[in-house]
Amino acid sequence: MKVLKKTWLSAAILSSLLLAACGGDEQEAGSATNSGGETIAISGSTSVGPLAEKLAAEHSEQTDVNIEVNQIGSSAGITNAINGVSDIGMSSRDLKDEEAAQLDQTIIAYDGIVVVAHPSNPVKDLTMEQVKQIFTGEVTNWKQLGGKDMEIVVVSREDGSGSRDAFQEIVGYESGQLIRNAIVASGNGNIKTTVATNKHAVGFISFEYVDETISTFNINGVEPIADNVLNNSYALARPFLFVHTEEALTQQGQQFIDFILSSDGQDIVEAAGAIRLD
Amino acid sequence: MTSPVDTTKTDITKANKRKYAMEKVSSKIFLICALLSVFSLVLIVGFVFYKGATPFVAGGYSFIDFIFGSDWVPSEDKFGIWPMIVASLYATVGALIIGVPIGLFTAIFLAEIAPKSVARILSPAIQLLAGIPSVLYGVFGLAIIVPFLQNNLGLARGQSLIAVIIVLAIMMLPTIVTVCETAIRAVPKTYREGSLALGASQIGTIFKVIVPAAKSGILAAIVLGLGRAIGETMAVILVAGNALIIPTSLTDSVRPLTTNIALEMGYAAGTHQEMLFATGIVLFSFILILNFVLAKIAKGGQ
Amino acid sequence: MRQTKDALLRGLLWASAAVSVGILVLIVGFIFYKGIGYISFDFIFGDYSPTGGGGILPMIVTTIYTIAISLIIATPLGILAAVYLQEYAKQGRLVNMIRFATESLTGIPSIIYGLFGAVFFVATLKLGMSIIAASLTLTIIVLPVIIRTTEEALKTVPAAYREGSLALGTTKLQTLYKVILPSAMPGILSGIILSIGRIVGESAAIFLTAGTVAAMPDSIFSSARTLTVHSYLVTQESGDIGLAAAVGIVLIVLIFAINMTATFISKKLNKADF
């Protein structure tokens with residue numbers, strides 16, 4: 001059995017080396033468990049996630065509550081909230097009727113969706129109708145919109161994404177109508193990178209992700225800024241939701257939601273690039 | 001009453017007995033490990049097939065429409081994966097055409113031609129590269145290959161079939177090189193010496209004697225590389241474009257089978273989720289068929 | 001004629017090696033070039049901060065946990081299974097089928113394992129999204145890899161070794177651990193290294209079973225985020241190539257360290273045995 005022992009031994013050596021490398025942190029983590037209070041499990045939208053993480057970090061500092069934020073997509077988060085895997089689900093789209101029947105929802109912030117293109121694109125204004133024509137493939141060349149003679153490359157989120165659902169609902173087309181050769185990217189960041197590096201491209205991302213690497217479109221002449229979302233003149237807006245069943249919400253969970261809705265919490269919302277409620 | 005001779009005898013018998021018992025127990029342990037491994041693997045396959053078959057058996061969906069349908073709109077209950085099947089086949093075959101010869105030749109170079117000092121540095125370095133997370137190859141593809149295709153070759157979409165093929169070929173290189181090299185090094189020295197003694201050149205020996213002798217290992221390398229290519233998801237998502245069309249040229253955006261699963265699994269529920277499992281079955285069947293073909297080739301050659 | 005052909009093939013061999021090495025250098029160079037600016041002591045040993053500028057220590061710890069747990073289970077199981085298939089089992093239809101199955105299973109996209117893990121370990125066994133659920137899923141992912149490479153390594157042990165040892169009157173088991181396994185050890189170790197690569201590189205399956213919580217794990221039952229998942233999320237969500245590359249540098253260094261350890265152990269073992 002000597003070599004078998006050796007096999008075990010080498011595995012043991014390897015793993016003890018590995019564990020030794022992180023031994024210090026284990027202790028830290030251990031002490032955190034002892035002092036830590038309850039854990040709130042939150043999961044859902046990747047658009048809401050970064051904001052929720054920031055809110056959670058601030059809230060954990062003030063209280064003893066441990067908050068786990070899992071970014072797995074709106075629909076999965078809603079499902080988790082319904083079947084109790086998570087205490088709270090995050091959604092970046094409105095609930096469907098059958099979902100709303102089972103869940104309580106709280107709007108924690110608003111978000112705008114911005115139509116974006118490569119900075120070199122001379123087209124700066126689109127009507128909502130033109131946006132629809134672009135994404136459904138009725139318009140396929142930037143020339144038709146007053147730009148250069150170039151093919152339009154449409155970039156969309158994946159089927160089932162909260163952002164895509166919200167965008168399609170507001171613009172007014174169905175998933176099946178999306179132009180076939182549209183590039184499908186699986187995250188806000190991915191769309192941003194794709195559009196930022198492709199002169200032909202047009203896509204849509206959340207307000208939080210806008211920076212100088214891309215240019216934004218005015219929709220129906222309205223600039224995509226927070227004020228215009230609040231005064232209802234910018235149409236491409238949606239709520240960020242926290243959803244939960246009545247019984248799953250603990251006192252700590254309620255406190256966290258209260259914190260988000262407080263003016264301190266809303267300051268974090270604003271700093272994160274989303275739109276505050278008040 | 002027992003004489004010293006008898007004691008030694010019984011001791012030996014005892015020791016032998018223990019040895020035989022040990023032998024039996026250990027072979028049972030090996031068997032259990034094998035069964036446990038096989039069981040866990042069977043469990044997964046069974047699970048995937050059970051989930052994936054549900055919509056066709058219980059839901060009344062047509063399997064033919066699923067395979068040959070060209071519309072994939074889950075929110076409208078349309079599930080057709082023909083474009084993805086075509087995309088996966090093109091991408092994998094393309095990557096093999098580029099990756100296998102370069103990988104094999106590199107392995108031969110390292111094992112047979114390169115000076116020892118060079119091989120001693122390069123081999124571990126390449127082995128190390130096999131461990132680079134595929135996501136990083138995707139990041140590289142997105143940041144370098146895609147813009148290159150757009151700016152230097154003037155494609156409207158850099159995210160295309162050709163980008164996928166290049167990224168996959170690069171990704172499978174370390175795997176193929178490492179496994180092929182091991183196989184070539186395992187060919188007994190006598191083969192080499194015998195061939196050279198008969199007057200064959202070094203190159204002749206390599207291609208006529210050593211490579212055929214290492215065939216089983218080389219095929220294993222191809223299977224592993226193939227597995228890596230066809231199963232790759234995260235790197236491909238970033239460079240494929242994921243468009244739902246049947247590709248007609250290397251410059252079209254494509255959505256391979258894996259990407260379809262990964263893109264939508266997070267959001268999918270119910271029939272949609274089961275259809276993604278069904279996509280997995282198709283993928284699995286491909287691998288099965290390819291392995292089967294390779295096994296036949298290996299046997300036929302012997 | 002033969003000489004031209006030889007020269008041509010020789011040229012091809014050199015060219016292929018140059019292409020392989022060139023591409024791989026290019027990739028590593030790209031990752032280091034893009035990411036090195038982010039690397040600092042605070043980046044590696046600092047706690048994660050959702051507001052940006054924080055470190056990646058929680059992801060490093062999570063990654064090490066997943067590697068250690070999956071290997072502790074998969075290595076002995078896989079090696080012993082391979083020994084059974086190669087050395088003990090009656091070579092026939094059944095063994096060939098098992099072999100064919102493990103071979104095929106190395107090709108299953110990890111996302112399917114991830115889905116299985118998410119339903120079986122996370123939900124059915126009620127482990128929740130956790131490091132342990134991810135590690136068990138990874139165990140199943142690397143099992144075929146270890147079995148296959150170990151078998152391949154055992155195959156390369158010359159039959160003469162076995163016969164010689166048995167002829168000296170040793171039992172099968174003694175031959176196995178004194179002769180066969182030691183000479184197959186380098187091959188087995190390269191299989192383990194491949195597995196570590198697969199574990200470290202895995203993102204899809206871990207994403208579904210360990211979740212994406214960006215905080216120091218309390219225990220192996222906590223939900224957490226590995227380095228690779230982090231680098232994927234950074235690319236997907238914030239589109240920050242530099243940060244993704246910086247995480248990539250840490251991953252490469254980690255893999256390098258594990259490789260060195262494995263090589264070191266392998267050398268020690270070889271010395272001890274001969």
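These legends describe close-up views of a predicted model.

**View 1. Confidence along chain B of the predicted model.** Chain B has an average pLDDT of 85. A score of at least 70 is reached by 94% of its residues. Within chain B, the highest mean, 92, belongs to helix α3 (residues 82–113). The lowest mean, 78, belongs to helix α12 (residues 270–301).

**View 2. Helices α3 and α6 of chain B cross.** Helix α6 of chain B covers residues 161–185. The axes of α3(B) and α6(B) come within 6 Å. They cross at roughly 35°. The crossing is right-handed. The residues of this contact comprise 22 nonpolar, 4 polar and 3 charged. Helix α3(B) is also where confidence in chain B is highest.

**View 3. Two domains of chain A meet.** Domain 1 of chain A is assigned two segments, 40–111 and 239–272. Domain 2 of chain A is assigned residues 112–237. Their C-alpha centres lie 27 Å apart. Domain 1 of chain A gives 13 residues to the contact, and domain 2 of chain A gives 14 residues. On the domain 1 side, α4 (74–83) and β4 (104–117) of chain A are the elements that give two or more residues. By class, that side has 8 polar, 3 nonpolar and 2 charged residues.

**View 4. A:Asp111 sits in strand β4 of chain A.** A:Asp111 counts as buried because 26 C-beta neighbours lie inside 10 Å, and 20 or more are enough for that class. A:Ser262 is 151 residues from A:Asp111 in sequence. In space, the two are 18 Å apart, C-alpha to C-alpha.

**View 5. Chain C against chain B.** The contact takes 74 residues from chain C and 74 residues from chain B. Eight helices of chain C each supply at least two residues of the side that touches chain B: α1 (2–35), α3 (57–88), α4 (93–105), α5 (110–124), α6 (131–155), α8 (172–201), α10 (227–238) and α11 (241–273). Helix α1(C) supplies the largest share, 17 residues. By class, the chain C side has 48 nonpolar, 20 polar and 6 charged residues.

Note on methods:
Residues are numbered from 1 along each chain as its sequence is written. Chains are lettered from A and ligands numbered from 1 in the order in which they are written. This is a predicted model: local features need pLDDT of at least 70, side-chain atom pairs count only at pLDDT 80 or more; totals for chains, interfaces and linings use all residues. pLDDT is the predictor's confidence in each residue, from 0 to 100. Helices (H or I, at least four residues) and strands (E, at least two) are DSSP runs, numbered from the N terminus. Axes are lines fitted to C-alpha atoms, for helices over the stretch in contact, and angles run from 0 to 180 degrees between N-to-C directions. A crossing is left-handed if the near helix is turned anticlockwise from the far one by less than a right angle, and right-handed if clockwise. Ala, Val, Leu, Ile, Met, Phe, Trp, Tyr, Cys and Pro count as nonpolar, Asp, Glu, Lys and Arg as charged, and the others, Gly among them, as polar. Domain bounds come from an automatic or database domain assignment. Two residues are in contact if their C-beta atoms, placed from the backbone, lie within 7 Å. A residue is buried if 20 or more other C-beta atoms lie within 10 Å of its own, exposed if 12 or fewer, and partly exposed in between; C-beta atoms are placed from the backbone.
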